[in-house]
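Hi,

Here is the structure I promised to pass on. Have a look at it first, and my notes on what turned up follow below.

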Amino acid sequence: MSVLVLLRHGQSEWNRQDRFTGWIDVPLTEQGARQAHEAGAALLRAGLTFDLGYTSILTRAVSSLWRIQLAMQLPYLPVARTWRLNDRHYGALTGRNKADVQAQYGTDQFRRWRRGFIEAPPALGDEQQRKLLDALQAVGLPPEDTLPSTESLRDTWQRVLPFWTDALAPSLLANRRVIVVAHGNSLRALVKHLDGIGDGDIETLEMLHGQPIMYRFDAQLNVLEKTPLAV
């Protein structure tokens, strides 16, 4: 029986400042680093171990997984990084304070951009997009013309699905024990797929920083159990 643990990275500097982060590479706060360590300690107490880890290419997720590995005494765990697990691209909202955006555009529009499934914010300008991608170039990305300059949650879901099909599902079918450390929106997209959540209902799903969620599957990857683990 295969096991999958999903976990949102610890608090980042821009989470603390309540800013739209998206694809900007910001570090963890001290609290975020502690959340990641405590999550790893909780997984160890639960008797779990892993054969493989997946994460995004963004520092806050990568460093969270590393702290989990250290807490679990798994420093040599094979880890694969993929841009498909990056947070949702928030377009022109990137870097902006959420309260300021809500005040400017109103509560309904703010909710549709932040929590809805369909609507994407305005695109990030060309110069800002270039700076964003240049900052990530060293880790490797697909051709620039294939990358988003804004995304809805539906767009994020569509780019996460190939990760499930091509990487995660085969690992689980091979009975590997897998941990995925990523971001609130890429994990919401993955959970939508795993749990069969409707487009409207996904608005209420929240992924908490440093809170592990464990799935167990049968041989056909039907979900047998979903359990949040106490930290």
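Let me start with a salt bridge: Arg 130 and Glu 144 pair up, with their closest N and O atoms 2.4 Å apart. The two sit 14 residues apart and link distant parts of the chain, Arg 130 being in helix 6 and Glu 144 in the loop between helix 6 and helix 7 (153-173). Arg 130 is partly exposed at 38% relative accessibility, and Glu 144 is partly exposed too, at 40%. Keep in mind throughout that this is a predicted model.

That pair is one of 14 salt bridges in the structure. Another one joins Arg 115 to Glu 206, with 3.2 Å between the closest N and O atoms. Here the partners are 91 residues apart: Arg 115 lies in the loop between helix 5 (107-114) and helix 6 (126-136), while Glu 206 lies in the loop between helix 8 (184-195) and strand 5 (213-217). Is Arg 115 buried or exposed? With a relative accessible area of 16%, it falls under the 20% cut-off, so Arg 115 counts as buried. Glu 206, at 43%, is partly exposed.

A further bridge brings Glu 225 and Arg 216 together at 3.5 Å, N to O. Both ends are partly exposed, Glu 225 at 31% and Arg 216 at 22%. There is also a network: Arg 8, Arg 115 and Glu 206 are joined by salt bridges that share partners.

On the charges as a whole, the chain has 26 positive and 25 negative ones, and their mean positions are 4 Å apart.

Most residues other than glycine have a negative phi. Asp 18, however, has a positive phi of about 60°; it is found in the loop between helix 1 (13-16) and helix 2 (30-45) and is partly exposed at 35%. Gln 73 also has a positive phi of about 60°. Its place is the loop between helix 3 (59-71) and strand 3 (79-81), and at 64% Gln 73 counts as exposed.

As for the overall fold, there are eight helices and six strands, in the order β-α-α-β-α-β-α-α-α-α-β-α-β-β from the N terminus. The radius of gyration is 17 Å, which agrees with the value near 17 Å for a compact globule of 231 residues. The C-alpha trace spans about 50 × 35 × 35 Å along its principal axes, and 51% of the residues count as buried. Among contacts between residues at least 6 apart in sequence, 75% join residues at least 24 apart.

Cheers

Definitions and conventions. Residues numbered from 1 in each chain as written. Predicted model: local features only at pLDDT ≥ 70, side-chain atom pairs only at ≥ 80, totals over all residues. Heavy atoms only, no water. Helix = DSSP H or I, 4+ residues; strand = E, 2+ residues; numbered from the N terminus. Rg over C-alpha atoms; globule rule 2.2 N^0.38 Å. Buried < 20%, exposed > 50% of the residue type's maximum accessible area, 1.4 Å probe, protein only. Contact = heavy atoms within 4.5 Å. Lys, Arg positive; Asp, Glu negative; His and termini not counted. Charge placed at Lys NZ, Arg CZ, Asp CG, Glu CD. Salt bridge = Lys/Arg side-chain N within 4 Å of Asp/Glu carboxyl O.
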